[in-house]
Amino acid sequence: MTKLTQWLWALVLLGSAWAALTLGALELPPACQEILWPLPAYLLVSAGCYALGTVGYRVATFHDCEDAARELQSQIQEARADLTRRGMRF
Amino acid sequence: MASKRTKPNSPRSLKQTEVRGPAQDKYSVLLPTYNERENLPLIVWLLVKSFSDSGINYEIIIIDDGSPDGTRDVAEQLEKIYGSDKILLRPREKKLGLGTAYIHGMKHATGNYIIIMDADLSHHPKFIPEFIRKQKEGNFDIVSGTRYKGNGGVYGWDLKRKIIRLYRKEVLQKLIENCVSKGYVFQMEMIVRARQLNYTIGEVPISFVDRVYGESKLGGNEVVSFLKGLLTLFATT
């Protein structure tokens, strides 16, 4: 089964469960009914916030490596000198 | 087990496999290039230094796609300096793409491990001995560099997809047979297929320094085709 069909299956199962419950398939207390109805919307918004939050956090804490950049620059000098000695015409 | 002898300059068929003991491991680095006249000598020098310092048996295969800036001339000079057993030139007439460059390069590789990396200086060859160590440690089929874990990081805000990976030769051959996408997307597809085929994958943190010389071949087009590729993979695997 492809990933797409897996997701579609999951959506259909959860969707029909939600529809059945909101239409009163089981006798649920009113408090439950009240939060059940907008639940998909809540979940969607929460998922969105979580995604944005994670991306933002990772971007903010992304490791910066200036040492690597400096090291590379000095090695470039070394490389050019060594290669010129060995006959490279740049 | 002795390796098979072939005539010089004849391409190895994909079906031949080299069986070597651990003391005879050889690492083939595939370097596809297009207009990398400035970077090529530097990346080769760094590769040679990393391998020699660690006593690793290696070869560097340069696949130039008819660069108009004289990359090939620079490659020929490097071949003279380091020897044609270490620097293999396998150029092509024109730009034929990354995937086919790897396939072409692999046909001429005599190592039992393949390293694919970018020819700009964004990946430093100093990490390669760590890749090799990691591969031995976990007996991995594939080792990939990551900027997101451990000491990994970037210098310069270039978050485009740059890949450096070590593969067992037979694993890479199998994966390339199975991949369908073109361009940079196929690098991603390789990992998806690798997971499907239950290959083991290890990771090594690397630092990525934004390209010093030359122009990147990555553009807005690539982002769009990357997303399309992602959706295609999602719908077909």
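Q: How much of chain B is buried?
A: This is a predicted model, to begin with. In it, buried residues make up 52% of the 237 residues in chain B.

Q: And how many helices and strands does chain B have?
A: Chain B has seven helices and nine strands.

Q: What share of the contacts in chain B comes from residues 24 or more positions apart?
A: Taking contacts with a separation of 6 or more in chain B, 77% are between residues 24 or more positions apart.

Q: Give me an example. Where does S28(B) sit?
A: S28(B) is in strand β1 of chain B, which covers residues 27-33. S28(B) has a relative accessible area of 0%, so under the 20% cut-off it counts as buried.

Q: What does S28(B) touch?
A: Not counting residues up to four places away in sequence, S28(B) touches several residues, including E59(B), I61(B), A109(B) and Y113(B). G111(B) is also among them, and its backbone nitrogen lies 3.0 Å from a polar atom of the S28(B) side chain.

Q: How far is S28(B) from Y167(B)?
A: Their C-alpha atoms are separated by 9.9 Å, and the two are 139 residues apart along the chain.

Q: OK, T71(B) next. Is that buried or exposed?
A: T71(B) is buried, since its relative accessible area is 0%. You'll find T71(B) in helix α2 of chain B.

Q: What is T71(B) in contact with?
A: If you leave aside neighbours within four places in sequence, the contacts of T71(B) are T33(B), N35(B), E36(B), R37(B), L40(B) and D64(B). For E36(B), the backbone nitrogen is 3.0 Å from a polar atom of the T71(B) side chain.

Q: Which residue pairs with R72(B) in a salt bridge?
A: That's E76(B), with the closest N and O atoms 3.4 Å apart. R72(B) and E76(B) are separated by about one helical turn because they are four residues apart in helix α2 of chain B. R72(B) counts as partly exposed at 43% relative accessibility, and E76(B) counts as partly exposed at 31%.

Q: Switching to backbone angles: what is the phi of N139(B)?
A: N139(B) has a positive phi of about 50°, although it is not a glycine. Most residues other than glycine have a negative phi. N139(B) lies in the loop between α4 (128-138) and β5 (142-146) of chain B.

Q: And what about the phi of N198(B)?
A: N198(B) has a positive phi of about 60° and is not a glycine either. It lies in the loop between α6 (185-196) and β8 (201-205) of chain B. N198(B) counts as exposed, because its relative accessibility is 66%.

Q: Now the contact with chain A. How many residues does it take from each chain?
A: The contact takes 33 residues from chain B and 28 residues from chain A. The area buried between the two chains is about 2,700 Å², and carbon and sulfur atoms give 68% of that.

Q: Which residues form the salt bridge across the interface?
A: The rule finds one there, and it joins E71(A) to K126(B) with the closest N and O atoms 2.6 Å apart. There are also five residue pairs in polar contact between chain B and chain A, both residues at pLDDT 80 or more.

Q: Which elements of chain B give two or more residues to that side?
A: They are α1 (39-54), α2 (71-82), β6 (153-155), β9 (207-209) and α7 (220-236). By class, the side of chain B that touches chain A has 20 nonpolar, eight polar and five charged residues.

Q: What does UniProt say about chain A?
A: The unreviewed UniProt entry annotates residues 1-19 of chain A as "signal peptide". In the model that span is 89% helix and 0% strand, with its end C-alpha atoms 25 Å apart. The unreviewed entry also annotates residues 35-53 of chain A as "transmembrane region", and this stretch is 89% helix and 0% strand.

Q: Last one: how many salt bridges are there over all chains?
A: A search of the whole structure finds eleven. One of them is between D67(A) and R70(A), at 2.8 Å from N to O. Both D67(A) and R70(A) are exposed, and they lie three residues apart in helix α4 of chain A.

Key
Residues are numbered from 1 along each chain as its sequence is written. Chains are lettered from A and ligands numbered from 1 in the order in which they are written. This is a predicted model: local features need pLDDT of at least 70, side-chain atom pairs count only at pLDDT 80 or more; totals for chains, interfaces and linings use all residues. Side-chain values use heavy atoms; hydrogens and water are left out. Contact means heavy atoms within 4.5 Å. Buried area is the accessible area (1.4 Å probe) that two parts lose on being put together, summed over both. A salt bridge is a side-chain nitrogen of Lys or Arg within 4 Å of a carboxyl oxygen of Asp or Glu. A polar contact is a pair of N or O atoms within 3.5 Å; within protein, one must be able to donate a hydrogen and the other to accept it, and residues adjacent in sequence count only if both atoms are side-chain atoms. Ala, Val, Leu, Ile, Met, Phe, Trp, Tyr, Cys and Pro count as nonpolar, Asp, Glu, Lys and Arg as charged, and the others, Gly among them, as polar. UniProt positions are given in the numbering used here, feature names are shortened, and annotations may be inferred rather than shown by experiment. Buried means under 20% relative accessible area, exposed over 50%, partly exposed in between (1.4 Å probe, protein chains only).
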